[in-house]
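I set out below, in order, what I looked up in this structure.

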Amino acid sequence: MVQITRGQWAGAGTSLDFKTGSWRSTQRPVHIHAKAPCHVSCPAGEDQQAWFALLQEHRAEEAWASLVNANPMPGVTGRVCPHPCETACNRVQVDGALAIHNVERWLGDEAVRLGWDYPVVAPADNAPTVAIVGAGPGGLSAAYHCVRLGLKAEIFEALPEAGGLLRSALPPTRLPRAALDREIDRIIALPGITLNLRQRLGRDITIDSLRERFDAVLLSPGCELPKPWSVKGAVPADLHEGLQLLRDFMDHGALPDNAKGDVIVHGGGNTAMDICRIVKRSGAKSVTLITASGLPGPNTAPDDLINVVPRELEEAREEGIEIIDHATVSRLIMKGSRVTGVEIISLKKESGKDGRKRRVEFEGTERVVSVDMVVPCVGEQVEPEAFEGYLDGAYFWPDNIYGRMAPRVFAIGDARGSRGTVAAAIGDGRLAAEAVVAELAGEIDPPADARPTMEADGLNTAYYANADRTRVLKLAVSERTFEAEIEGAISRTEALAEAQRCLSCGNCLACDNCWTMCPDNAVIKTTELATDGSHYVFDYDFCKGCGLCTQECPTGYIQSVAETN
Amino acid sequence: MAKSDTSKRLSELRMKHGRPPASPSEPKAERAATLREAQPRFRGLESGHRACQGCGEALAARLVMEGAGPDVMVANATGCLEVFTTPWPQSAWRVPWIHSLFENSAAVASGMESAMKAKGKHTKVLSFGGDGGTYDIGFQALSGMLERHHNVLYVTYDNEAYMNTGIQRSSSTPHAASTTTSPAGKERMGKRHLKKDLLSIIAAHHIPYAASASVAYPGDLQRKVRYAMGVEGPTFLVIHSPCPLGWKHDSAMTIEVARRGVQCGLFPLVELERGALTNIMPIREPRPVADYLELQGRFAHLFNKNDYRAQEELDHLQALADHNIETYGLRGEGLDPVDSTGAGHVRRGGPLAGRS
C-alpha cells in the first residue's frame, strides 16, 4: 500500500492498493462447465449445446464439424432419432423444447449440399487396422471414428450395400434413400476406410481369422432374427413377422393379400409403427396396434411409455391407426391354420415382491375381435451363426460401456442387447473406437466425462426472451405416399432462429451479465486469459464474494463454492 | 474548445488510462496496459472501494461513471458513496472528485460548473447524493441548482434510508418499511408516512430532463445517463439501489430485489422532459408487491400471520403500486422488447434489446 503522510502533496493513492478480496469469508464464484441435459441424454454422445453455441454465431460449418465429432450421420439421425435430447431440453420449462432434430437434419443436409469436409486426416500407411463386422449405423460410425482417431478401418458387410437396418427397415417416408446414400457415400469415401461387400461372417470370414489379421475386431451385426413369437404355443401357419414383412415390402413393394382386411400389429416399437402405417396406406380396412406400454400423457411413467419417435406416433394416429395400450394378445382364434380372431387382455407392468417389474394380466378384461392378419413386432435378436462363444443368450450383453467382449474385441449397437436406436449404435461405434485406441496405446479405458448436469432449476430464466419453437411443415394425411418424406425441411433462417432459442445450459453465453453487474468491478472481460472457454475471469483480489454474479448468470455457468482461504 | 483541442484532450485521456490510440499518429501509452486497464469500458469508479457485499449503490455509481465517460468532474455529498469510495489516503475515483458537505453537493456542483464555464471548458459536472442528501438535507441546494439552470447532471442513489449512519428513515423510505427510527412493533407497522414523490417536485422545476432508473436494468440506466449527458442544462436521475444491509436481503439478491421493485410497480421507471411525462418502462405482467417485499427483512413484519395489521399494510402497498401503474400508465400492451421483462433479455454476446 502506498503510504502518504498528512500534508504531503501527492495524488491520492488508488483504492486498487486495498485488496477487498480478503473480505470473502464464505463463498467465491467459479466457472463450472456443466453438461447440458441434451448432451447427457444423447445416445450418440453429441454435445448439442456446443454446436448450437457455434450456430448462434452463424458458424454453421464449425457447428457441423463439432456435431460430427460425435455423430457422422446427422442427416440420418435428424430424420429417424426419437430425440431424447428434446425430451430432456430445459427449455421445456420455458416455452417448449428446441427443435433439435430439425436443426440437426438441416446441418447434415447443408454439409452434403456444400461438400463440407469431415474433420479427419488420412491415417498413416502403417496405422493399426480395425476390422468391423456389419456396415449398419454402428459399423459405419465405428469406421469413421477409427479414422478420426488415426486408425484404418476395414468393414465386412454381408449384403451388397452398406446401411444395414437404415436401408432395410426404415421406410423412405422417414428416411429418403437419397438422404441415406449421400451421407453413407461420404463416410465410406473417407481415406482409410475399406468396405468389403457380400462378406458374411461364418461363410466368408470368421471372428478368429479377423482377430489374427487385424489389430482389433468390432462386431456390429445388428439383430436380424425375429424373436420367437407364439400365443400360448399357437403360431399361425401364414405368420408374417414384422421386420421381415417390412423388408419384403421395401424390396418388392407388395404385401400379402390378407393385409387388405382387419390387421392387428402386436408390439410397441418403431418397426411396429412403420408396419401399421404401411399396411394402412396400402388399403387395410383397419389397423390396430396392441402394445403392453402406455401412451404419452401427463401421468405416464417414463419406463411405461411406448418407445417410438413421438412425431411418428402422432402421425400414425392422424392416419387412423387404432392403438390399444396396456394390452396383449392372450389367445389366437384359428380356423384351421388361419387366424380369424384374437382375444385381447389388459395388462400392466407392476412391481413384484423383489421390486422388479413384471407384466400382470387382468382377469376379466378379455375381449375377442375378428381379424384377417396378425403381425408380431416384438423385436429381433442376433443371428447366432458364427458368434458362438460370444453371445450370452440372444445378445452380446457386454458388461462395460465400451462393449469390450474380449481383448480387442468389441460389440456395437442393437446386438449388445441393451440398445435400440440408431443413435445408440452410433454412440457405441465411437465408444468402441476410443477404447480400441486406448487399448492399443496400453491404457485401460478412455477417461470418463465427470462433469455435473445443469438442471432447469440452476438457470435464471428472467434473462431469456420467449420464442416459439419453429413450426415444421409436414405432408397432409391425404398427400402421404410410400415414398415422399413426411416431415419437411427447415430453411437456414429458421435453423439460425431456432439456434437462438438454446439456453446454453451450464456453459458461458458471453452475455456480459457478470461483467455488467459486479458492484466491485471484479469481473474482467478477456478472451486471451480466460482459459476455460468463457470470456471472463474473476479478479479474486477484489471479489467480495457477494454471490450476485452467481445469482444473475442465466446459464448456471457461474456457481458459488465454499471459500477455501 | 476548438476541435483539435478536443481530440488532443481525448488523446491525453486515452494515454492516461492506458487505452489504445485512436490512430497510428497518436502517441501510445507509455507502458502496456494491464488486463484491468484494457477493459473495453471506462472505469470511473475502480475496485478496492469499501462498499458492502452486493451493494446496489456501488453498482449504480459504477454504471453511471461508465455511461458518463472520462471527461467529467464529480461533486459528492456525504453519505455511503463518499465514505466507501474515499477512505483516506485512497480513492476509488479516477476523475476529479470533490467531497461537499451533506447538504450542498448541488451548490458545489453549481460552482464547479460556473468555473468551467468561466475557463471556457466543457467538462460535464456530475453531482451525486444519496436519498438522505437529496430528498431531505440537500433538497434546497438542489432546487436552487435546478432553478439557476446549471449544466449539471444530478444523480441520487436511492437506497431509501440513511444507511451510512445506521438505517434511519428518510423521506424516501417507503411506507411500512422498518428502520431504526421507524421500527415495526406494537405501535406502528414500520414507517407511518409515504415515500416522497421527489420526481414530480423536480419535474415542477421545468428542467429539460428528469428520470428514474434501476440497477436491475443496466442498459436502460446507461441510456438515461447518456441522454442526460447530451442535454445542455440541469438534468436529474434517481436510481433505485437496493442495500442488502439496510433492506435485510441476501447480498446475491440485489438485482432480483430491484427487478421485482420495478415489476410490481412500486418503483416506476419514467422519464419527464420539461415537466411532461415522455417515456415509461412498461410492465409486461405486474407482479404482486408481496413478491418484492418478501425478499426483504425490512418488510418481514408484513408477513406475520398473527398480526391483523400485516394484511392491511400489504394491501396498502399493493394499492400504492396499483396507483403508480394507473398514474403513469405502466401497464404494457403485448410484448415490448424494452418493457420490464424484455429489457433484461440477453443472447449470446450480450443484451438482446437494441440489436437487430
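The entries that follow go from the whole of one chain to its parts, and then to the second chain.

**Entry 1. Conventions and confidence**

I noted that this is a predicted model, in which local features need pLDDT of at least 70, side-chain atom pairs count only at pLDDT 80 or more, and totals for chains, interfaces and linings use all residues. Residues are numbered from 1 along each chain as its sequence is written, while chains are lettered from A and ligands numbered from 1 in the order in which they are written.

I looked up the pLDDT, which is the predictor's confidence in each residue, from 0 to 100. For chain A the mean is 90, and 97% of the residues reach 70 or more. Residues 4-11 of chain A have a pLDDT below 50, and this stretch has 3 contacts in the model beyond near neighbours in sequence. Two residues are in contact if their C-beta atoms, placed from the backbone, lie within 7 Å.

**Entry 2. Chain A as a whole**

I found 17 helices and 21 strands in chain A; helices (H or I, at least four residues) and strands (E, at least two) are DSSP runs, numbered from the N terminus. The C-alpha trace of chain A spans about 115 × 60 × 50 Å along its principal axes. Of the 565 residues in chain A, 45% are buried. A residue is buried if 20 or more other C-beta atoms lie within 10 Å of its own, exposed if 12 or fewer, and partly exposed in between, with C-beta atoms placed from the backbone. Among contacts in chain A between residues at least 6 apart in sequence, 71% join residues at least 24 apart.

I then looked up the domains, whose bounds come from an automatic or database domain assignment. Chain A is divided into domain 1 (15-33 + 507-562), domain 2 (37-118 + 457-497), domain 3 (129-224 + 382-440) and domain 4 (228-378). The centres of domain 1 and domain 4 of chain A, taken over C-alpha atoms, are separated by 57 Å.

**Entry 3. An open sheet in chain A**

I traced an open sheet of 4 strands in chain A, in the order E10-E9-E8-E15, with parallel pairing. Strand E10 (322-324) and strand E15 (373-377) of chain A each have a single partner strand, so one side of each is left without a neighbour in the sheet. From one strand to the next the twist averages 20°. Two strands pair if DSSP finds at least two bridges between them; strand E9 (residues 286-290) of chain A is joined to E10(A) by 3 bridges. In this pair A:Leu289 stands opposite A:Ile323 in E10(A).

**Entry 4. A:Cys549**

Is A:Cys549 buried or exposed? I found that A:Cys549 is buried, because 25 other C-beta atoms lie within 10 Å. A:Cys549 has its place in helix H17 of chain A. Leaving aside neighbours within four places in sequence, the contacts of A:Cys549 include A:Pro29, A:Cys514 and A:Ile558. A:Asn71 is 478 residues from A:Cys549 along the chain, and their C-alpha atoms are separated by 35 Å.

**Entry 5. Where chain A meets chain B**

I noted that 44 residues of chain A are in contact with 37 residues of chain B. Among the elements that give two or more residues to the chain A side are strand E1 (13-14), helix H2 (48-56) and helix H17 (548-552) of chain A. H17(A) gives the most, with 4 residues. The residues on this side divide into 21 nonpolar, 15 polar and 8 charged; Ala, Val, Leu, Ile, Met, Phe, Trp, Tyr, Cys and Pro count as nonpolar, Asp, Glu, Lys and Arg as charged, and the others, Gly among them, as polar.

E1(A) and strand E2 (residues 90-91) of chain B run parallel and are joined by 2 bridges. A:Gly13 stands opposite B:Gln90 in E2(B).

**Entry 6. Strand E5 of chain B**

I looked up strand E5 (residues 152-158) of chain B, where 7 of its 7 residues are buried. In a regular strand the side chains alternate between the two faces of the sheet. Here B:Val152, B:Tyr154, B:Thr156 and B:Asp158 point one way from E5(B), and B:Leu153, B:Val155 and B:Tyr157 point the other way. Strand E4 (residues 124-130) of chain B pairs with E5(B) in the parallel sense over 6 bridges, and B:Gly129 stands opposite B:Thr156. E5(B) also runs parallel to strand E7 (residues 235-240) of chain B, joined by 6 bridges.

Definitions and conventions
Axes fitted to C-alpha atoms, helices over the stretch in contact; angles between N-to-C directions.
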